[in-house]
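Hi,

Here is the structure I promised to pass on. Have a look at it first, and my notes follow below.

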Amino acid sequence: MNNREHSLASDIDLLGKLHESSILKHSGEKAFTLLEDIKARSKEIRDHNNLNEARGLINRLNQLKINDLRMLIRGFGLYFDLLNLAEQQARVRSLRKKELASDGKPLPESTAAALSELATHGTPAHDIQKLL
């Protein structure tokens, strides 16, 4: 991999670090620690299917004040938005790489491939426009 190529994992790592610094800057150490604690507990439950840990997380969340819960919702919402952006960027990179390797031919299952196939079968352009 050269310097211009990026992986999904490196994007997630970068965006995760930016998210962490943003939480620290705008919400403080207490909010950051709470968010990281809930994130770690959630990963533990996901990875080990631990019922006792799940009950502990429920109890922990039930003890939180409404402002802390709002912060968690905003923090996790932003975190998942950033993950989605990283995945979208990975998809764009993948499609660009495939397009470069396709020698100018439309990618299978793309809009360009569908239009090319319609043209090959003699579908008039005005019929396609009516469908769009």
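A word on naming: helices here are DSSP runs of H or I with at least four residues, and strands are runs of E with at least two, numbered from the N terminus. This is a predicted model, so local features need pLDDT of at least 70 and side-chain atom pairs count only at pLDDT 80 or more, while totals for chains, interfaces and linings use all residues. Residues are numbered from 1 along each chain as its sequence is written, and side-chain values use heavy atoms, with hydrogens and water left out.

Let's start with serine 102. You'll find serine 102 in the loop that links helix H4 (66-101) to helix H5 (111-120). Serine 102 is buried, at 16% relative accessible area (buried is under 20%, exposed over 50%, partly exposed in between, with a 1.4 Å probe and protein chains only). Its side chain comes to 3.0 Å from the backbone oxygen of lysine 105.

Leucine 100, in helix H4, is exposed, because its relative accessibility is 75%. Its C-alpha atom is 17 Å from that of threonine 111, eleven residues away along the chain.

Now the helix packing. Helix H1 (residues 8-27) packs with H4 at about 155°, the axes being 9 Å apart; axes are lines fitted to C-alpha atoms over the stretch in contact, and angles run from 0 to 180 degrees between N-to-C directions. So H1 is roughly antiparallel to H4 (over 145 degrees; under 35 is roughly parallel, 65 to 115 roughly perpendicular and the rest oblique).

Cheers

Key. Polar contact = N/O pair within 3.5 Å; in protein donor to acceptor, adjacent residues only side chain to side chain.
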